[in-house]
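Here are my notes on the model you sent. They go through the strand pairings and then the core.

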Amino acid sequence: MNRQIVILFGPPGAGKGTQAELLSEKLNLFNFETSKILEEKFKEIQKLKEDSLKRFVEVAGEKFDVLKEKQLWLDGKLCSPPFVTLLIKEKIRKLYEEGENIIFSGSPRTIYEAEEELPLLEKLYGKENIKVFYIEISPEQTIYRNSNRKICELMRHSILFDKETKDLTICPLDGSKLLKRELDTPETIKVRIKEFQDRTYPIIDVYKKRNIVVNKIKGEQSISNVFKDILAIIR
Ligand SMILES: [Zn+2]
């Protein structure tokens, strides 16, 4: 069986989520969404009492409070890397056993995550089967696109804001209503951009160190051209 891992990274608003949707369909990849994994965990914990011990998860001797993690997430900040990484690694192993190939568009988000996840992915899938793409857009575009981003009511598809999508009122994938994301206030957008610059962008050095090529893609082109550029490199 052909094994394949695709990792997309880039600033918020680069269109990673949209490209991940398209590529997952085209190449039959499992679309790995960290936010969905976090949401599942937070929902699970919501049902528990405040004082429940299940509120805590332990990673390498350190305890993490899931409710605190949820608050960070609501504030637009990154959750604690050991907490997120634990959930992600569990899911990767499960997907591998199920025979899935994976596309990532939200992970790894920190150096810690990258250093934990990449060895696991290399071991399971083989280094030669990992393709990484950096989707580049300017800081001005990042702010513009994030301030106008919408999300669909039914599946929470994130709809990138650009010339092609600015007048859309229903989700092109499932026909449900498009809403503005509650998380997208000017403050949280600024926080997310800074988090990307300070904590996610430096991962580029981790890829270099592990001899994984980072393919640069021009993210300010149309969605279909970005898609074509990525596909051309994968094939
Ligand atoms: Zn949708």
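1. In which sense do strand E3 and strand E4 pair, and over how many bridges? This is a predicted model, and in it E3 (residues 56-59) and E4 (residues 62-65) pair in the antiparallel sense, over four bridges. Valine 59 has glutamate 62 of E4 as its bridge partner.

2. The turn of this hairpin deserves a look. Two residues lie between E3 and E4, and alanine 60 takes a positive phi near 45° there.

3. A further group of strands is an open sheet of three, in the order E8-E7-E9, with antiparallel pairing. Strand E8 (158-159) and strand E9 (178-180) are at the edges with a single partner strand each, so one side of each has no neighbour in the sheet.

4. Within that sheet, E7 (residues 150-152) and E8 are joined by two bridges in the antiparallel sense. Isoleucine 151 is placed opposite serine 158 of E8.

5. On the core: the largest nonpolar core counts 31 residues, and Ile7, Leu8 and Ile103 have the most contacts inside it. At least two of its residues come from each of strand E1 (5-9), helix H1 (16-27), helix H4 (81-97), strand E5 (102-104), helix H5 (111-125), strand E6 (130-136) and helix H9 (223-234). E1 gives the largest share, five residues. As background, nonpolar side chains tend to be buried together in soluble globular proteins.

6. What does leucine 8 touch, leaving out residues up to four places away in sequence? Its contacts are Lys16, Gln19, Ala20, Phe104, Ser105, Phe133 and Ile135.

Technical notes
Residues are numbered from 1 along each chain as its sequence is written. This is a predicted model: local features need pLDDT of at least 70, side-chain atom pairs count only at pLDDT 80 or more; totals for chains, interfaces and linings use all residues. A nonpolar core is a set of buried Ala, Val, Leu, Ile, Met, Phe, Trp, Tyr and Cys residues joined through C-beta atoms within 7 Å. A residue is buried if 20 or more other C-beta atoms lie within 10 Å of its own, exposed if 12 or fewer, and partly exposed in between; C-beta atoms are placed from the backbone. Two residues are in contact if their C-beta atoms, placed from the backbone, lie within 7 Å. Two strands pair if DSSP finds at least two bridges between them.
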